[in-house]
Amino acid sequence: MQTLIERAHARRPADTAAEHLELRRRMARPQRHRLLHGYPLAAAMPRRDDSGDGDRLDYRPDRGLLIGVLPHPFCNPAVAGCGFCTFPHEAFSGRKAEAVVDRVIREIDRRVQGSPAMARRRVAGLYFGGGTANLTPPRPFRDLCRALSRAFDLSEAEVTLEGVPAAFVNRKPSLADILVEELAARHYRLSMGIQTFDLDQLRRMGRLGFGDANTFAEVVRLAHQRGFTASADLLFNLPGQSLHAMRTDVRRAVDLGLDHLGLYHLVMFPGLGTAWSRDPALVASLPPNEIAAENWRDLRGFLEGCGFYQATLTNFERQEHRDRDRRFVYEEFSFRPESHDMIGFGPGGISFAQHGDRAVKWMNPDGSSVYATAVDRGEPIHDRAFSYGPDDLRILYMTRHLAALRIDRAVYRDRFGSDPISDFPAQFAALENERLVTVDSGAIRPTVRGMFYADSVASLLARRRLGRESIAGLGPTVTPIDASKQHDNAFGHM
């Protein structure tokens with residue numbers, strides 16, 4: 001029996017064949033398996049022209065609001081970027097961190113003063129991310145919390161503080177306590193980067209100073225004692241890592257009592273710009289894509305067998321949080337650009353606003369010094385912006401909901417007056433032929449295999465809009481990249 005797509009596109013086999021060939025080409029490249037930043041990637045966003053704030057939109061009060069804050073871009077592993085990190089980051093300095101936080105507070109005040117309708121807006125989720133947010137010195141962190149509390153209504157917000165495990169446990173006063181003291185929020189989360197429990201791998205990453213299994217367990221206890229939920233990130237497909245070792249990591253993470261777990265395929269390939277990517281032996285020890293995808297399938301099933309459900313592409317949560325207010329709502333809402341806007345403060349901050357059929361996404365400068373200079377000069381802080389046309393909004397909707405694991409065809413038709421299958425016929429035929437999506441009359445869903453190749457799926461949908469070789473379309477690229485300029489920021493979903 002022919003599928004819906006095969007029946008719809010039987011008259012255009014050449015188009016489908018060309019898209020299938022392009023899809024296979026993309027699938028052969030390194031896979032990022034994240035879709036965190038969204039469409040388009042930073043590299044495709046034009047630099048701001050001299051028109052100032054003309055490439056921004058005001059925020060509408062009838063839409064949900066998320067806030068992401070990078071207090072600073074600093075981190076302090078023993079190995080640059082922990083060997084693998086593609087987030088914007090700079091070497092830690094307490095003095096510099098204080099200076100950047102001061103600018104972030106000034107940015108918050110200025111943005112609210114410049115848009116009175118923004119003042120005291122109700123916020124659904126607030127996320128402190130960036131380099132290593134919990135390395136922020138306590139006094140400026142308290143000042144930052146106070147500035148946010150003055151500016152916004154956080155009474156219904158979920159507040160997340162991200163960072164390295166040891167800093168949650170050892171630094172006094174605790175930033176977790178400052179959150180509660182200064183932000184009268186609905187719920188609080190701590191999110192730590194575990195990456196792996198393997199001491200040899202942690203040593204290779206230069207992360208032994210960030211804590212071990214005992215430290216990870218202490219963070220979970222600290223969170224639960226305060227009524228917080230606790231989240232952690234794990235990497236899999238590390239250099240030379242066996243599937244047994246990956247499963248052991250997942251099992252140990254589950255046993256900690258974590259509420260949420262982010263499971264991420266390692267991003268590494270020659271020319272990426274990270275320390276590990278320059279080591280041919282490490283690169284050679286990585287599994288090929290199809291084996292890496294099977295590892296993903298195994299770990300996903302293993303987690304589900306441990307009482308977790310898959311909430312989004314890379315986020316897993318305990319079953320008891322399903323459909324309840326202790327689930328991770330920041331990520332959930334970030335995949336709803338049709339209903340939620342985003343404000344990003346700090347270096348590398350990402351903002352997004354939509355009015356009907358018009359939307360704009362803009363970004364602050366990455367580097368701390370460039371960002372600080374922009375704030376000091378009183379000029380528009382963002383240095384990149386992208387205005388969405390009708391076709392862009394279709395791609396944005398599909399790629400965001402792909403990360404949320406379901407593209408609702410009826411909702412798409414209501415919003416755009418057309419169907420995703422009719423808008424992208426050859427692309428979806430190729431994706432179904434490759435077993436990356438399933439299609440029925442109600443929805444388009446990524447298969448488990450399609451989840452691993454999610455950036456190839458998304459980039460195929462976006463490529464005709466942004467160009468065959470553009471890395472803007474969410475897909476992988478082997479072009480040499482400065483790792484400090486990448487934008488997979490955990491809070492930067494828009």
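This is a predicted model: local features need pLDDT of at least 70, side-chain atom pairs count only at pLDDT 80 or more; totals for chains, interfaces and linings use all residues.

The questions and answers that follow set computed values against the definitions behind them.

Q: Why is Gln195 called buried?
A: Buried means under 20% relative accessible area, exposed over 50%, and partly exposed in between, with a 1.4 Å probe and protein chains only. Gln195 has 10% relative accessibility, so it counts as buried. Gln195 is placed in strand β6 and has a positive phi of about 75 degrees although it is not a glycine.

Q: Why is Arg120 called partly exposed?
A: The relative accessible area of Arg120 is 44%, and therefore Arg120 is partly exposed. Arg120 is found in the loop between α3 (94-114) and β4. Its phi is near 60 degrees, a positive value in a residue other than glycine.

Q: Why does Pro380 count as partly exposed?
A: Pro380 has 22% relative accessibility, and so it counts as partly exposed. Pro380 lies in the loop between α13 (368-377) and β14 (384-388). From C-alpha to C-alpha, Pro380 and Gln310 are 39 Å apart in space and 70 residues apart in sequence.

Q: Why is strand β11 described as largely enclosed by the rest of the structure?
A: Helices (H or I, at least four residues) and strands (E, at least two) are DSSP runs, numbered from the N terminus. In strand β11 (residues 340-345), 6 of the 6 residues are buried, so the strand is largely enclosed by the rest of the structure. His340, Met342 and Gly344 point one way, Asp341, Ile343 and Phe345 point the other way, and all are buried.

Q: How do you know that strand β1 and β11 pair?
A: Two strands pair if DSSP finds at least two bridges between them. Strand β1 (residues 64-69) and β11 have 6 bridges, in the parallel sense. Ile67 stands opposite Ile343 in β11.

Q: What makes β15 and β16 edge strands of their sheet?
A: The sheet is open, with 3 strands in the order β15-β17-β16 and antiparallel pairing. β15 (407-408) and β16 (437-439) each have a single partner strand, so one side of each is left without a neighbour in the sheet. β15 is joined to strand β17 (residues 443-446) by 2 bridges, and Asp408 has Ala443 as its bridge partner in β17.

Q: What joins β13 to β12 and to β14?
A: Strand β12 (residues 350-355) runs antiparallel to β13, with 6 bridges, and β13 runs antiparallel to β14, with 5 bridges. Gln354 has Ala359 as its bridge partner in β13, whereas Trp362 stands opposite Ala385 in β14. The hairpin of β12 and β13 has 2 residues between the strands, and Gly356 takes a positive phi near 55 degrees there. Strand β13 (residues 358-363) is mostly covered, with 5 of its 6 residues buried.

Q: Why are the buried residues of α6 said to line one face of the helix?
A: The buried residues of helix α6 (residues 175-182) are Leu175, Ala176, Ile178, Leu179 and Glu182. Seen down the axis of α6, they fall within an arc of 160 degrees, so they line one face of the helix. The arc is that of the directions from the helix axis to the C-beta atoms.

Conventions: Residues are numbered from 1 along each chain as its sequence is written. Side-chain values use heavy atoms; hydrogens and water are left out.
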